[in-house]
Amino acid sequence: MPEPTASQPTWTVPVAPGRLDATVRVPGSKSITNRAFVLAALASEPTLVRAPLDSRDARLMLGALEALGGGWERRDNDVLVRPLVHGSAEPASVVLGNAGTVARFTPALAGLGSAHVLFDGDEAIRRRPIAPLLAALREAGADIDDAGRGAPPFTVIGHGGLPGGKVDLDSSASSQFLSALLLAGPAFDAGVTVRLLGGTPPSEPHIAMTLDMLRRFGASPERDGQEFHVGPAELSCPDFTVEPDLSTAAPFVVAAAAAGGTVRIPGWPGYSTQPGDWLRSLLVELGQRVELTPDGLTVTGSGDIPGARLDLHEVGELTPVIAALLCFADGPSVISGVAHLRGHETDRLAALATELSALGAGVTETADGLAIAPAPLHGGVFHTYDDHRLVMAGAVLGLRVPGVAVENPATVGKTFPGFVDAWGGMLS
Ligand SMILES: O=C(O)C1=C[C@@H](OP(=O)(O)O)[C@@H](O)[C@H](O)C1
Ligand SMILES: C=C(OP(=O)(O)O)C(=O)O
């Protein structure tokens with residue numbers, strides 16, 4: 001894990017003024033938005049993507065599609081996405097930032113074209129796992145020059161299409177490898193049949209999200225145990241609406257538990273494949289009151305948090321916020337099943353153990369997670385390592401701890417540029 005970045009602007013998080021009573025509107029789901037953009041680019045006709053997320057990762061995806069021969073235009077709060085046009089042989093570049101979904105989901109699209117496309121981004125994206133996906137894409141017929149790095153920067157040389165067919169894949173480091181192959185599968189000549197090797201992929205809900213969205217765009221994905229198949233298909237979904245991002249809602253609903261009081265999230269869907277939907281059962285397990293109605297989700301917290309033993313293998317992206325909450329628990333906790341978080345925006349296990357402990361908590365890394373021993377907390381700088389969910393974790397800590405200075409709050413722009421304002425609004 002990189003050393004905490006040099007001193008950058010900080011945001012001193014406001015302490016909760018008392019029990020909360022707030023309604024918070026969160027932006028569209030990053031994962032659903034970027035899947036909708038990719039599927040729309042592969043579709044046979046334009047797609048109006050309603051209420052998509054507008055953030056760094058979403059804009060990076062739109063930029064990637066533009067570089068690959070796609071087009072889009074904003075229409076109020078919606079985005080009209082046009083199908084990729086593969087004719088150009090002009091070299092192109094895709095800017096990855098630190099967006100896992102852009103880095104994993106777009107190289108296959110370059111294989112459908114006829115250009116040399118260079119993929120590169122932030123230093124951090126060069127350290128994140130992608131080699132197993134590149135190997136599977138090569139097995140599907142992609143021509144990829146990575147100079148043996150197994151990481152960005154790499155170039156995909158398009159030859160006007162990809163055969164697809166049977167591929168073996170180890171997706172244990174990231175579910176996005178599997179999602180990437182399945183999302184592009186309908187555009188492969190023979191579709192794709194993926195046989196999973198290695199450990200069970202993390203983030204099962206995101207795989208379900210991929211399958212669900214493929215169906216909504218007209219494909220017919222099949223799963224038989226650890227084997228997945230998507231046949232060639234013409235995709236179409238002229239009108240698609242994105243749900244609010246339930247993982248972005250995590251710090252806000254957790255705030256009701258941490259500070260006591262009530263937080264409402266309008267538009268929380270009655271059914272969702274998003275991992276954030278699991279927060280409802282978690283908060284009930286932690287003794288909070290949770291109500292889901294057609295208007296959305298309402299969480300009413302007591303302010304008391306029990307220690308817990310949680311396997312977060314399926315919902316890893318929630319770990320930073322949940323770890324911060326458990327620092328307020330009245331007993332020790334263990335989070336397990338999340339070794340793969342060492343390949344997220346940063347090494348989240350090392351970052352959380354370092355930063356939570358620096359503010360007084362007893363947090364240590366385990367082989368696959370964290371052991372959390374609550375202790376008296378104090379203020380100080382909470383480094384965020386260019387990771388949006390560490391900004392959110394620091395905000396949760398600040399609810400009860402005066403003087404928590406979250407470093408580089410702007411990094412939350414990956415998924416919620418308005419987060420700091422929304423947080424202040426929740427506390428006002
Ligand atoms: O497919 C997706 O949209 C995502 C899948 C998950 O990745 P990992 O399986 O690498 O954790 C998740 O953590 C990430 O925030 C988004
Ligand atoms: C891991 C995450 O993002 P990504 O992999 O899409 O960069 C996240 O949002 O927590």
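Is Arg50 buried, partly exposed or exposed? In this predicted model, the relative accessible area of Arg50 is 31%. Buried requires under 20% and exposed over 50%, so Arg50 counts as partly exposed. The residue lies in strand S3, which spans residues 47-50. Beyond its neighbours within four places in sequence, Arg50 contacts Asp78, Asp239, Phe240, Thr241 and Val242. Phe240 is 190 residues from Arg50 in sequence. In space, the C-alpha atoms of Arg50 and Phe240 are 5.9 Å apart.

Strand S15 covers residues 261-266. Of its 6 residues, 5 are buried, and the strand is mostly covered. S15 pairs with strand S2 (residues 20-23) through 4 bridges, and these two strands run parallel. Within this pairing, Thr23 has Arg264 of S15 as its bridge partner. S15 also pairs with strand S17 (residues 296-301). Here 6 bridges are found, and the strands run antiparallel. Thr262 is bridged to Thr300 in S17.

Two helices were examined for packing. Helix H7 comprises residues 175-184 and helix H8 residues 204-216. Their axes are 9 Å apart and meet at an angle of about 10°. Angles under 35 degrees count as roughly parallel, so H7 is roughly parallel to H8. On the H7 side, the contact is made by Ser175, Leu178, Ser179, Leu182 and Leu183. H8 contributes His206, Ile207, Thr210, Leu211 and Leu214. By class, the contact of H7 with H8 has 6 nonpolar and 4 polar residues. No charged residues take part in it.

Note on methods. Residues numbered from 1 in each chain as written. Chains lettered and ligands numbered in written order. Predicted model: local features only at pLDDT ≥ 70, side-chain atom pairs only at ≥ 80, totals over all residues. Heavy atoms only, no water. Buried < 20%, exposed > 50% of the residue type's maximum accessible area, 1.4 Å probe, protein only. Contact = heavy atoms within 4.5 Å. Pairing = 2+ DSSP bridges. Axes fitted to C-alpha atoms, helices over the stretch in contact; angles between N-to-C directions. Parallel < 35°, antiparallel > 145°, perpendicular 65-115°, else oblique. Nonpolar A, V, L, I, M, F, W, Y, C, P; charged D, E, K, R; others polar.
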